[in-house]
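Let's read this model together, one feature at a time. You ask, and I'll give the idea and then the case.

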Amino acid sequence: MGCVASRPKVTIDEKRALLAEYASNAVHFECVDTTERLNALREAMKACCLDAYIVGTEDAHASEYTANCDRRLAYISGFTGSTATVVVLMDSAHFFTDGRYHVQAAHQLGDAWTLHKVGERDVPNWREWLHTLREGSYVGLDARLISYKDAVEIKKSLAAHSITLTFPEINLIDDIWGSERPLQVLYPVQEYKLQFAGVHASDKIARLRTWLLEKGDAAYVISALDEVAWFLNLRGASIPCNPVFPAYVIVTAQEVALFVNPRLIMQHIRTYLAKLGVTVYDYEAVWKWLRDTSVGHVFVDSKASYALVTAAGERNTTVQSPASPVAMAKARKNVVEILCMTRAYKRDGAAWVKWAAWLESEMNNGAEVSERDAAQAFERIRAKDPFFAGMQAYDAISASGPNAALPHYETPTENSRIIDRMTPYLNDSGPQYYDGTIDTTRTVHFGTPTDEQKRAYTRVLQGHIALAMAKFPLGTTGAQLDMLARQPLYQDGYNYLHGTGHGIGAFLNVHEGPHGFSSSSGGASEPVALQPGMILSNEVRMDSQALGPCMNMYSAE
């Protein structure tokens, strides 16, 4: 690339002001008045002698995507984004989210809510804010919906301020939601064939048992849904965008136990599981199993809930690091999985070309194409693939003009913006194929880009190439490589406030850890060394509010 002069520096406050101004022209999200729901929750809090109640976006398995029946934060607040935490007091309601959702939350929250824009100057996160409660306060949350590690840390920090964290026996949101709460999706679980999985489930069981033998008389609890599905070579459709299903697996030297809603398991799957030596129990029976077990020690994954660990016994349980034996085995794709993923991305690339040609023709002929029209046209083309699994890997982001400047923009189903010819258009989408999970983003322009837009596009491309072409020794972490992608943007005073890339599942979750290109390597408390077989995205990005996102390129390298 040719050398270009440095652009004028812009301060972080100026960038935030630009974002606020630019986003003010974007689509307005629907606001839901949740005053009556808040009043009902406060009555339930009063019955439990609580001064505050915490609600997050997670389900009992710490899933990024949750079923409608588990979208408790959306019910109580009206916010439809994927990451936030609320704290409800008897006389106020407080909403905490990061910069990706400041604009959306401001539009969707009613007058009963106070928005805390975490990440802005002097704005504490919700954990820190809890310390401002009066001494002697009782704070409640569902023990199933917070990790053991987080619960212990919060409990200790609150105790230092004479505040008590308590865990009511019932979920108060579920209690007030009542009969209006959506039912669980009962889509039958299916076997994931060896032609895609590459390794038989019996081999995965044997390898984990070998690991357990070194630990003595022990049990291993798998609670992350993608790890459950991967471990047994099963897939489901109970969770939006992720081919997984609510379940736990416990492995000992003598038993493999699957805890799942029996209505999800058809007879042919019972036969398959029986051949593996797997015993099927009711989903809720996991608590009794853990309380009654006689094994000497229990190992759980890093995001195991506080309820799960306390049921097994805190002294009897070890919480694994994010780089657990199951997580790492899943992250290191085998030869068949790599071949399948390669084929899936090639086919999807062809689908993208067909769609891009259609969209360019429509725009050149003067057609008015909305963001939603473009997204649905792409979905129809992808759905013709013989390996299309009937779901998207994540909610498509089809964004034109100011909407493209919003991180995690939600494309409206109705009255979405018409794609214009003056600003960049971004499409961030991907389907689930039986042979691979797709995560791709491209940004195009249907008019004449400005010099500034072309310059920004080039800087992002330089960062993408730098990371894609990197050669590094064994033991190198994603955190160490992250700087390669950012360096070209730094030359012009730009950055992006998220990781450069994440792991991608093999017909599983689009966001897979513990590896990644970021300061935390996919969320691990300690950076995880990249290993052969890991598949990651490459997401160099520039969110210049004066330009729209000039380029946001993902790839599976």
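Q: Is Ser 223 buried or exposed, and how do I read that?
A: We go by relative accessible area: buried means under 20%, exposed over 50%, and partly exposed in between, using a 1.4 Å probe and protein chains only. Ser 223 has a relative accessible area of 4%, so it is buried. Keep in mind that this is a predicted model, where local features need pLDDT of at least 70 and side-chain atom pairs count only at pLDDT 80 or more, while totals for chains, interfaces and linings use all residues. Residues are numbered from 1 along each chain as its sequence is written, and side-chain values use heavy atoms, with hydrogens and water left out.

Q: Where is Ser 223 found, and which residues does it touch?
A: Helices (H or I, at least four residues) and strands (E, at least two) are DSSP runs, numbered from the N terminus. Ser 223 sits in the loop between strand E8 (218–222) and helix H10 (225–232). Contact means heavy atoms within 4.5 Å. Not counting residues up to four places away in sequence, Ser 223 touches His 61, Ala 247, Tyr 248, Asp 301, Ala 304 and Leu 308.

Q: What about Ser 416, buried or exposed?
A: Ser 416 has a relative accessible area of 11%, so it counts as buried. You'll find Ser 416 in the loop between E16 and E17. Setting aside neighbours within four places in sequence, its contacts are Ser 370, Glu 371, Arg 372 and Thr 411. Ser 416 and Asp 373 are 43 residues apart along the chain, with 8.6 Å between their C-alpha atoms.

Q: How do I check the span of helix H16?
A: The expected span of a helix is 1.5 Å times one less than its number of residues. H16 (residues 371–383) has 13 residues and reaches 19 Å from first C-alpha to last, close to the 18 Å expected. Among its buried residues are Glu 371, Arg 372 and Phe 378. The cover over the buried residues of H16 includes helix H15 (335–364), strand E15 (388–392) and strand E17 (425–429).

Q: How is the protein divided into domains?
A: Domain bounds come from an automatic or database domain assignment. Here they give domain 1 (34–180), domain 2 (190–331) and domain 3 (335–546). The centres of domain 1 and domain 3, taken over C-alpha atoms, are 31 Å apart. Nine residues of domain 1 are in contact with nine residues of domain 3.

Q: Why does the second largest pocket lie between two domains?
A: Domain 1 and domain 2 both give residues to its lining, so the pocket lies between them. A pocket, on a 1 Å grid over the protein atoms alone, is an open set of points where a 1.4 Å probe fits, with protein on both sides within 12 Å along at least five of seven lines; lining residues have an atom within 4 Å of a point. The second largest pocket has 27 lining residues, and the closest to its centre are Cys 69, Asp 70, Arg 181, Gln 184 and Tyr 283.

Q: Where is the cis peptide bond?
A: Go to the bond from Gly 513 to Pro 514, where omega is near 10 degrees. Pro 514 lies in strand E22 (residues 512–517).
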